[in-house]
Amino acid sequence: MAIRVVRLGTPRTKDEGLRIGTVRRPPRGVPKSEFAARDWYDVWFPNLAPSVGTMKLGQQAATPAQWAAFRRRYRAEMNAPEASHALELLAKLSHQTGLSVGCYCEDESRCHRLVLRELLLERGARIDA
């Protein structure tokens with residue numbers, strides 16, 4: 001068992017487990033009753049999403065320095081007690097059950113998923129490729 005870091009809305013993999021949406025907003029134009037059936041997520045958990053301001057900083061990052069600023073700011077947000085406890089919980093659960101966390105971004109290298117993966121690994125999570 002482990003955590004998979006996924007792009008929401010993509011087909012689920014075998015044994016993926018519970019899919020957690022770490023996004024600020026639900027998918028547009030999709031009825032809430034269809035989120036899971038359409039492979040968006042089973043549980044919406046915005047606690048691990050960047051704040052609106054930090055999300056905009058990441059979306060507008062055009063240089064390595066701007067991207068580094070986004071990473072620092074998101075990491076700082078994830079050090080807040082509520083987010084930190086949630087990361088610890090997911091890291092521990094990754095040794096007991098399969099689950100996935102994700103976001104909508106197409107390119108993980110320019111998405112908070114990349115930092116989220118690092119934060120989970122730093123807390124001892126088992127991560128599937």
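This is a predicted model: local features need pLDDT of at least 70, side-chain atom pairs count only at pLDDT 80 or more; totals for chains, interfaces and linings use all residues.
**Figure 1. The largest nonpolar core, to which L48 belongs.** This core comprises 21 residues, and L48, L90, V101 and L120 are those with the most contacts inside it. Two or more of its residues are given by each of the elements β1 (3–7), α2 (64–78), α3 (81–93), β4 (99–103) and α4 (112–122). The largest share, five residues, is supplied by α3. Another core lies apart from this one and has eight residues, including L8, Y41, C103 and C111. In soluble globular proteins, nonpolar side chains tend to be buried together.

**Figure 2. The crossing of α3 and α4.** The axes of these two helices come within 9 Å and cross at roughly 70°. Angles of 65 to 115 degrees count as roughly perpendicular, and α3 and α4 are therefore roughly perpendicular to each other. Their crossing is right-handed.

**Figure 3. Residues in the contact between α3 and α4.** From α3, the contact is made by L87, L90 and A91; from α4, L116, L119 and L120 take part. The residues of this contact divide into six nonpolar, no polar and no charged.

Note on methods
Residues are numbered from 1 along each chain as its sequence is written. Side-chain values use heavy atoms; hydrogens and water are left out. A nonpolar core is a set of buried Ala, Val, Leu, Ile, Met, Phe, Trp, Tyr and Cys residues joined through side-chain atoms within 4.5 Å. Buried means under 20% relative accessible area, exposed over 50%, partly exposed in between (1.4 Å probe, protein chains only). Helices (H or I, at least four residues) and strands (E, at least two) are DSSP runs, numbered from the N terminus. Axes are lines fitted to C-alpha atoms, for helices over the stretch in contact, and angles run from 0 to 180 degrees between N-to-C directions. Angles under 35 degrees count as roughly parallel, over 145 as roughly antiparallel, 65 to 115 as roughly perpendicular and the rest as oblique. A crossing is left-handed if the near helix is turned anticlockwise from the far one by less than a right angle, and right-handed if clockwise. Contact means heavy atoms within 4.5 Å. Ala, Val, Leu, Ile, Met, Phe, Trp, Tyr, Cys and Pro count as nonpolar, Asp, Glu, Lys and Arg as charged, and the others, Gly among them, as polar.
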